[in-house]
Amino acid sequence: MTLGFVMLCHTALDRAAEVARYWASRDCPVVVHVDKRTSGSQVAQMQSDLADLDNVRFSTRHACEWGTWGIVAATQAAASLMLREFPQVRHVYLASGSCLPLRPVEEMRAYLDDRPRTDFIESVTTADVGWTMGGLDYERFTLRFPFSWRKHRWLFDNYVELQRKFRIRRAIPAGIVPHLGSQWWCLTRQTLSAILEGPDRADHDRYFRKVWIPDESYFQTLVRQVSTNVESRSLTLSKFDFQGKPHIFYDDHLQLLKRSDCFVARKIWPRAEKLYASFLSPTAGDEPRAEPNPGKIDRLFAKAVERRTTGRAGLYMQSRFPNGEWAQGRTAAPYSVFEGFADVFENFETWLSKVSGSRVHGHLFSPERVEFAGGVSVYNGAMSDSAALRDYNPRSFLTNLIWNTRGERQCFQFGPSDNQKIAGFIAADPNAQISVISGAFAVPLFQSNRNFSEIRAEAARLQRIESDLLAELRGPHVKAKVRIWTLAEFIESPMEPLQSIVDEISPRSLRRLAEVPRMVDLTGFGQFLQNLRNQGMQPVLMGDFPAGQDYPNAAGRRPRPYLVK
Amino acid sequence: MGASPPQDHRKTELPPLKRGAVALWQRLRWKLRLRLQRQMLLARAIRKRRELRLISDRRASIRKTDSLAVICLRNEAVRLPHFLSHYRKLGVGHFLVIDNASTDGSAALLAAEPDVSVWRTEASYRSARFGLDWTNWLLLRYGHGHWCLTVDADELLVYPNCETRPLPALTKWLESTGQVAMPAMMLELYPEGPLGAEDYRAGEDPLTVLPWFDAGNYSVIRQPKLDNLWIQGGPRARVFFANDPRRAPTLNKLPLVKWHWRYAYLNSTHTALPATLNHVYATAGGATTSGVLLHTKFLPQILEKSAEEKERREHFADPRRFGSYYDGLIEAPVLFCERSTRYTGWRQLEALGLLSRGGWL
C-alpha cells in the first residue's frame, strides 16, 4: 500500500518537476496536471525531464483560473487517473507545483499506515469559518457568479449586490450541507472513488460548477456524505497574509519550516535554493520529529498580519502615518506633563525622578532650548535640543521622544511661557497624564527682581495663555487624564495630589511618599496678588488667596519642609 | 547624484474644502493641473533626450522580467564597484546609467560592465532639473512594465530580508498586495570623527567607514497636494540646519516603482506623478512595506566634492542660499554625537521603526 501525489502546476515547472521526481523516485506515484494556459514548450520540457520515471503521469489539461470550476475539474481528472493507473495507492495527496515536502516520504507513509481509514481534509460548516475574505461564505453556495473576479471586479461585486438586493437565490441540492476548507487534502481511495464514481456526480458537478471558489468546497462538502472518518485539518502547511493570499516561504524560513513538523508546505518561492536543496536532499529529516503542529508558527504569522493592519502604536514613519482622527496610539507609551509643579517646588524634577523611577525632563517646549533631563544637548535617537528644530514639527518631536524612550516613562514640565502648539495634541492623547497647578506661573514672578509694571504685564500675558490651555484641557475632545488644581487649593494640601500622581506613574511601588519636595517660600504671596489687583490686573487662576501677610507659611501652621509622619 | 534639492517652499495645504460643486470643481482643477504638469515633465524628458549620447550599449540583454536600475552620476568611480556589486546581489537585471561629464573614468569603468548601458552628457545638470529630465526619459523609454529602481550612486537600498530575498521576490510581494511603489527614506550615514578623516578605497563596503546614523529625530508631515509624506531630519538637519529646519534635506524617497510610461518623477525621486503613486503609506494604523536608502554621501571625498559643487552651482534651486551649507561641509564637521546609533542591519532599522515589513513575513 502506498501514497500517491496529485500535483496541480502552472508556473515554475522546473521546481515542480524536482518535487515530482523526489516523490516518484521514493515509490510514490505522481500525477501531474499542468494549467492549460501554461505554454506547450514548458510542458514538453517538464515531460521530458520526468520521462525516465515510470510512475509519473500527466493528466488532461484544464484552464485553472482562480475561483473557478477549472481547478476542480483538473483535480477530478488527475485523481481519476491516479486511481485507475496505480491500484496500489491507498491515500491520494493533493499538492500544488509550489509545494515542498518538509519530512521524508517514509515518515508520511508510516503516519498514514497508522491511519488507513482516515481522510485528512479541512471541512468546516460555513457558519464556523472565520477566514473567508470579502464576506462571501454561505453565499458562495446560493448566489451566481458569472463574472470573473480577477478581470471584471466591478461586475462581480455589483452582480452579487444585485442578487442580495432582490434576494435571488439558487437552491442547494438536497443532501448537500455546504462545507468549506483548505484546497489541499489527503483522501483515501475509498472516499475519493466514492465521490468520483458516485451516481450523483453529474448533478453535483452541475451544481458546483457555479459555486464560487469550488476548489474550497467541492470535496470538502461531498466528503461528508461518503466518509466515516474525516479528520478536519490539512496536512499541508499553508499560511495566509492580511489579504487572504497564501504566504510565500523563502530561504530565511528554513528553521521555521523545520520546526513546523508538517509534511508538506506551500507556497515556496521558486528561487529559494536553500529550501529546495535542504528539504529534497537524501539526508533531509534525520532529526526526530513530532506530530505535525503548524500551531507553533501560527503566532508568528498572526503577528505579521497584525503589524500590517494595526502597526506599532505611536510610530510615524514613511510607511505608517495614521490619520489625525486616529486617537488610539497617538504616542507609543504613557507619559506625564506637569504644569506649575516646578514653580511651586524647588527641587521637583530630582524628587520626582527619585520617587517614581521615571525620566524627568525640564521644559521640553521652552522657547530657548529643549531642556532634556540632565541638560544634555542631544537625547535618545540623536534628538537635538534646538528649539527651532522642535518648533518646526512639535508633534514629530514629541512622538519621536516617546518612541525613542519606549520602556522608560517620560515626564516633563510645561508652562504658559512654553511653546503652546503641542497642547492640543497632548490633550487628545490617551497616553498623556496632565497635572496642572493653575496660576503657579505667578510664583517665579513673585520671586523675581523685576519692575512691577513688567511683572504685571508678564502675569497678564501668562494668565491669558494658561486660561486658553485650561479651556482646551476642559474641552470635549480631551482624551488625556487631566487633573487641575488652583495654586491655593494645591498648597493647602499638596500631599494627596502628589501621592496619586506618583501612584499612577509607578503603580508597582504603592507606598506612602517618604520624602516630599521642598516648597518655595510663599510668605507675602497674597499681598503680591493684591498688588497685581491694585495695578488693574485680575489674577484669577491662582484661586483664593487672602490678601493679608499671614497666609499659611507665615502663620506657621505647617513646618517646612513638609514631612509626612 | 550628490545633494538633492530641497522640497519647494510652496504652501503645503490645499485651499479649505468647500461643499458640493465648488469643492468638486476645486478638486477637478487641481487634478487637471497635476495632469498638465505631468505632461510637461514628459515633454521635457522627451526634449532633453537629445542631450544624451549612448556610449555603451548593452540594452539587448534586458529581459522582460528584469528589474532595472536607473542612475544619474558624476565622478563616482570610487563608489561604483561596491554600488554595482550591492545591486547585483539584490538582483538588479540591468543598469541604465547617465554619466554627467565625469572626469574620473567613471564612464570607462561602467563601459566594461556587461549589464550596464551608459549614456553620456556634458549638458547642465541643473537645467535638466537636477538630472531628472534625463532619468525620466530613460524610464519612459525603457522602464515601462519593469520594476525600476531610481537611485543615486551614493544610495544603497536595504529592505526587509534583503540578504535572502532578491528584488524579484520583493516586487512580486508588492504586486500581490497591490503596491506599485515602495518608499525608502534616506538614512544618512556618517563616520565617527570629522568628515574626510577616514580612508576609503574603491570596492570597500562604505559602511565600514560610515557606520553611524541618527535613529529617531525625523520630522514627518503629510503634504496633501501630492499626497506624499515629507520627511526631514537626520544629522544634516541637526548640525547644519538647526536654526532653519525648513531647508534641511528632504529624506523621503520613492525609488522603486513598477514603471508606466505615463509616470514621471517630479522632485528628485522624492515625489512622482500621478500623485497616487506617492500614497505608499498606511493611514488607518497599519504599515506598508518599506525600505531604506543608506546614504553614503559622507565618504572622505565629500570635502573636495563640496568645494567643487559650491563652485559649479549645479545643485539646489537657489544655490546662493546654500553657500554656508557647503562651507560647513568643507570645514570637515563632526556629525557624530553621543546618541548616534551604529548600523547593524535591516532588522535593527525595523526595530527602530525606520522601515517596516508590512506583513511580509
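These legends accompany several close-up views of a predicted model. Because the model is predicted, local features need pLDDT of at least 70 and side-chain atom pairs count only at pLDDT 80 or more, while totals for chains, interfaces and linings use all residues. Side-chain values use heavy atoms, without hydrogens or water, residues are numbered from 1 along each chain as its sequence is written, and chains are lettered from A and ligands numbered from 1 in the order in which they are written.

**View 1. Chain A meets chain B.**
Let's start at the interface. Chain A brings 48 residues to the contact and chain B brings 61 residues, where contact means heavy atoms within 4.5 Å. About 4300 Å² is buried between the two chains, with 54% of that area from carbon and sulfur atoms; buried area is the accessible area (1.4 Å probe) that two parts lose on being put together, summed over both. Polar contacts link 33 residue pairs between chain A and chain B, both residues being at pLDDT 80 or more. A polar contact is a pair of N or O atoms within 3.5 Å; within protein, one must be able to donate a hydrogen and the other to accept it, and residues adjacent in sequence count only if both atoms are side-chain atoms.

Elements of chain A that each supply at least two residues to the side touching chain B include helix H12 (295-309) and helix H16 (394-404). Helices (H or I, at least four residues) and strands (E, at least two) are DSSP runs, numbered from the N terminus. The largest share of that side of chain A, six residues, comes from H12(A).

**View 2. A salt bridge between A:Asp252 and B:Arg165.**
Here the side chains of A:Asp252 and B:Arg165 meet at 2.6 Å, N to O. A salt bridge is a side-chain nitrogen of Lys or Arg within 4 Å of a carboxyl oxygen of Asp or Glu.

**View 3. Salt bridges inside each chain.**
In chain A, A:Asp35 pairs with A:Arg37, their closest N and O atoms being 2.9 Å apart. A:Asp35 is buried at 3% relative accessibility, whereas A:Arg37 is exposed at 54%; buried means under 20% relative accessible area, exposed over 50%, partly exposed in between (1.4 Å probe, protein chains only). In chain B, B:Glu188 and B:Arg236 form a salt bridge at 2.6 Å, N to O. This pair links distant parts of the chain, from strand S8 (residues 184-188) to helix H7 (residues 234-239), with the partners 48 residues apart. Both B:Glu188 and B:Arg236 are buried.

**View 4. Cysteines without a disulfide partner.**
The structure has zero disulfides over all chains, a disulfide being a pair of cysteine sulfur atoms within 2.5 Å.

**View 5. The surroundings of B:Leu355.**
B:Leu355 lies in the segment after helix H10 (346-352) of chain B and is buried, at 0% relative accessibility. Beyond its neighbours within four places in sequence, B:Leu355 contacts residues of both chains, among them A:Arg312, A:Met317, B:Tyr159 and B:Trp346.
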